[in-house]
Amino acid sequence: MSTGTSRSTPSDTATGCPVTGAGAGAATCPVAFPLRRPGRPFPPPEYADYRDGGEPVRSELPSGPVWLVTRHADVRAVLTDPRISADPSRPGFPKAARTGGAPSADEVPGWFVSMDPPEHDRFRRTLIPEFTVRKVRALRPEIQQIVDDRIEAILAKDGAADLIEDFALPVPSLVIAGMLGVPRADRDFFEAKTRVLVTLSSSDEERDAATAALLRYLGRLIRIKERRPGTDLISRLAATGTLSRQELSGVAMLLLIAGHETTANNIGLGIVQLLTNPQWIGDDRVVEELLRYYSVADLVAFRVALADVEIGGRTIRAGEGILPLLAAANHDDDAFDGAGAFDPERSARSHVAFGYGVHQCLGQNLVRLEMEIAYRTLFDRIPTLRLAVPADDLRVKYDGVLFGLHELPVTWG
């Protein structure tokens, strides 16, 4: 697993176009999109070159042209400008694949991350009370029990385990399933469907089928909760009457996906970082720095300009796509001194790993709590834990929307 930043050579851009210094050529000479691939560090080293240029850089996605925004201040500006839209149905909206991409509200009612205010605000106001610091802290005993149970299952194995399959994925899956009132027995179903939706190589047919299956399942579950409400989140949201059944299905689907896939990737990568840097085991500051350092949701904040807007000295025209690269922003030395190094002693709270502005991740407090409990308990219970293969041999999700590991083989004893 290659992580951390290193500087690219001119041939890395594969275009012959200048990407550093005065950015005048960037408008007419697009750079190749810096794809993840085996043997290369993450974030891609081109990100540093683009930041040095001081302006957004023109690039190409399979769906068409896009402006890459890499500086921390510029990324935050994009994510807070009301003239820039998160709605994929807008003309010129960029997509990671030639077709498909993030659902729109027309495709999945309730998919509020793809809405702009004021429509977006109606959903966020309904959900914010469910993810306050107080509400999340109340979940600590339940999360602790889930982590304890998973570690007991790991210790029952013969001294070897895959901590993605056995720990990093089931912990957040069980947490969000419990919050929503999804039966534990159905975890494999929604994990399989989610995997299709976050894999870049999935076809439109596969994505459509996975989305339809999840929405059918959640629609049935909501009808059950309406007849026999419980104390879970779906029951409470249904009781508010502020969301239609279709909207609630979309909201629940979004929470299921965001609630386990991103957290699983963060937990897995953090375990590797701590195993290779054991001096930080037991330090609560590692969580914030891990979120900044890995920025697993680097490629999720697609946007399109609704009007001409100046970002970083570059005028982006109405109808042009924008991709604020969260990992690039979080590795900006102007925002974080020595940003390419993993240093939990730094102040990292201004990172944009959870986005920024009105679309900042609702579940960020839950993610932090799950990571903190997972690391502390795992290394307390299995102090002799070690990687079963060299870190550079770990299989990384180069084909995923989210950065992470396919597997994490470990041993102990």
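Why does Glu 206 count as partly exposed? Glu 206 counts as partly exposed because its relative accessibility is 43%, where buried means under 20% relative accessible area, exposed over 50%, and partly exposed in between, with a 1.4 Å probe and protein chains only. Before I go on, please keep in mind that this is a predicted model, in which local features need pLDDT of at least 70 and side-chain atom pairs count only at pLDDT 80 or more, while totals for chains, interfaces and linings use all residues. Residues are numbered from 1 along each chain as its sequence is written, and side-chain values use heavy atoms, with hydrogens and water left out.

Staying with Glu 206, this residue lies in helix α9, residues 204-227, helices being DSSP runs of H or I with at least four residues and strands runs of E with at least two, numbered from the N terminus.

Let me turn to another glutamate. Glu 130 is found in the loop between α3 (119-127) and α4 (133-137), and at 12% relative accessibility it counts as buried. The side chain of Glu 130 makes a polar contact with the side chain of Arg 236 at 2.6 Å, a polar contact being a pair of N or O atoms within 3.5 Å, where within protein one must be able to donate a hydrogen and the other to accept it, and residues adjacent in sequence count only if both atoms are side-chain atoms.

Now the backbone. The peptide bond from Phe 42 to Pro 43 is cis, with omega near 0 degrees, and Pro 43 is found in the segment before α1 (46-53). Ser 295, in the loop between α12 (286-294) and β5 (303-305), has a positive phi of about 45 degrees although it is not a glycine.
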